[in-house]
Amino acid sequence: MKRTRSFLAGSKGDNSSPLPPALAAHRGRGSWKPHWHKLFQSLKDAIPPDWQVIVLADRGLYADWLFFDICALNWHPFLRINHQGTFQIRGEKEWRFLDTVVPQTGMSCSGVVTCFKTHPLNCTLLARWDEGYQDPWLIVTDLAPELGDVLWYSLRIGIECGYRDVKSDGWQWHKTRLTESS
């Protein structure tokens, strides 16, 4: 059977976010965790088990519990992180600053690392900095370096544009009082 890859994307819940109404309505009050748990529980039985699910999220959403919750569903986190903080290459003792992974445009790299000295996360770090971008893309995932492609993160842009078309330019979703996606 052919394996299918599916991408889910999330943002902070601002005006451009492709989130379900309950998450978009949250608008930062209290913890996001129960809302994500509810969303994941509603999706887990709807997605065929033979699909490879990649969950994309922007810098404002990174949390270690989110990474682990996605992995617990046998899905793959693809979470962008800020370039502040530290990482350690697997097998080395030295901690390095994340802003040194790709220090200039035109660079990319990937490897198995531990990110964050304070709350360590064993993961694969995918990094790329293209011309025209203010900051590099630093992505943490559970996929092996050779199985993930940092360019998958660019799929968020198309998803967000489609969401904007439906929300603001089409159905005016943002003007409703909808709090559940039923």
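**View 1. The end of helix α3 and the residue Asn74 in the predicted model.** Asn74, which follows α3, has a positive phi, near 65°. This is a predicted model, in which local features need pLDDT of at least 70 and side-chain atom pairs count only at pLDDT 80 or more, whereas totals for chains, interfaces and linings use all residues. Residues are numbered from 1 along each chain as its sequence is written, and side-chain values use heavy atoms, with hydrogens and water left out. Helices (H or I, at least four residues) and strands (E, at least two) are DSSP runs, numbered from the N terminus.

**View 2. The buried side of helix α3.** Within α3 (residues 64-72), the buried residues are Leu66, Phe67 and Ile70. These residues lie on the same side of α3, because they cover an arc of only 105° around the axis, the arc being that of the directions from the helix axis to the C-beta atoms. Buried here means under 20% relative accessible area, exposed means over 50%, and partly exposed is in between (1.4 Å probe, protein chains only). The partners against which the buried residues of α3 pack are α2 (33-44), β2 (51-57), β3 (76-80), β7 and β8, with contact meaning heavy atoms within 4.5 Å.

**View 3. Gly132 in the loop between β7 and β8.** Gly132 sits in the loop that runs between β7 (121-129) and β8 (137-141), and this glycine counts as exposed because its relative accessibility is 78%. Although Gly132 and Thr105 are 27 residues apart in sequence, their C-alpha atoms are 8.4 Å apart in space.

View 4. A search of the whole structure finds zero disulfides, a disulfide being a pair of cysteine sulfur atoms within 2.5 Å. Cys123 is in no disulfide, and the nearest cysteine sulfur, that of Cys115, is 4.0 Å away. Cys123 is buried, as its relative accessible area is 5%, whereas Cys109, with a relative accessible area of 35%, is partly exposed.

View 5. One cavity of 30 Å³ or more is found in a search of the whole structure; a cavity is a set of points, on a 1 Å grid over the protein atoms alone, where a 1.4 Å probe fits but cannot get out. The largest cavity holds about 40 Å³ of space, and is lined by Arg128, Trp129, Asp130, Tyr133, Asp135 and Trp137, where lining residues have an atom within 4 Å of a point.

Note on methods:
1 Å grid on protein atoms, 1.4 Å probe; cavity = no way out; pocket = protein on both sides within 12 Å on 5 of 7 lines; lining within 4 Å. Points joined across faces, edges and corners; volume = space filled by probe spheres on them.
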